[in-house]
Amino acid sequence: MIRIDETTTIEAPIQRCFDLSRSVEVHLLRNVHSGEQALAISGLTSGLQGLSDRVTWRAKHFGVWHNLTNEVTAIEPPTYFQVTMNKGIFRYMQADHYFRTLPSGATEMTDHFRIASPPPILGLLAEKLFLRRYMLALIRERNAVIKQLAESSDWKFYLPKEAVGKTTPS
């Protein structure tokens, strides 16, 4: 099993970073290069993922199209949410996303990913040879997009109007 921990500091409020991290549109924006699309599961193909929301993502990786369905399995706004794969190419995938406000007012976003690739023997070889580096690059790309949006005025285009200007959950 691969374990990846990545921390990113973002010069923006915690709620904005938390919401951008749950945005279907932001997820798709960072995956334009792979032709990723959101497919409807539980009616969610846009907006912010919440508890028990499922999204099926379709993406091309290594020249092959894959579907991956994930679900938000835990959430504590604006400091934490967890996404767990329900169906997809991996034997197991779970991501915990933590957010905290730093004394400077910036937000520290920490991601903990756990991924097990199939099948067991070939999966172990894939994990050792390339999967860890590949997934770390995807996570860093995701975080760079969130950081860029959160630190500019562009974030307003990706969050629901009711979230714009909101600093704490209701």
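A: A residue is called buried when its relative accessible area is under 20%, exposed when that area is over 50%, and partly exposed in between. The model discussed here is predicted.

Side chains of opposite charge can pair when their charged atoms come close. The structure holds 7 salt bridges, and three of these are described below.

One of them is formed by D96 and R114, whose closest N and O atoms are 2.7 Å apart. D96 and R114 are both buried.

Strand 7 also carries D111, while R142 is found in helix 3 (residues 120–151); the pair therefore ties together parts that are 31 residues apart in sequence. The side chains of D111 and R142 meet in a salt bridge with an N to O distance of 3.4 Å. Both D111 and R142 are buried.

Helix 3 holds a further pair, E151 and K147, which lie 4 residues apart, about one turn of the helix. Their salt bridge brings the closest N and O atoms to 2.8 Å. Here the accessibility is described by another word: E151 is partly exposed because its relative accessible area is 36%, and K147 is partly exposed because its value is 27%.

How values were computed. Residues numbered from 1 in each chain as written. Predicted model: local features only at pLDDT ≥ 70, side-chain atom pairs only at ≥ 80, totals over all residues. Heavy atoms only, no water. Salt bridge = Lys/Arg side-chain N within 4 Å of Asp/Glu carboxyl O. Buried < 20%, exposed > 50% of the residue type's maximum accessible area, 1.4 Å probe, protein only. Helix = DSSP H or I, 4+ residues; strand = E, 2+ residues; numbered from the N terminus.
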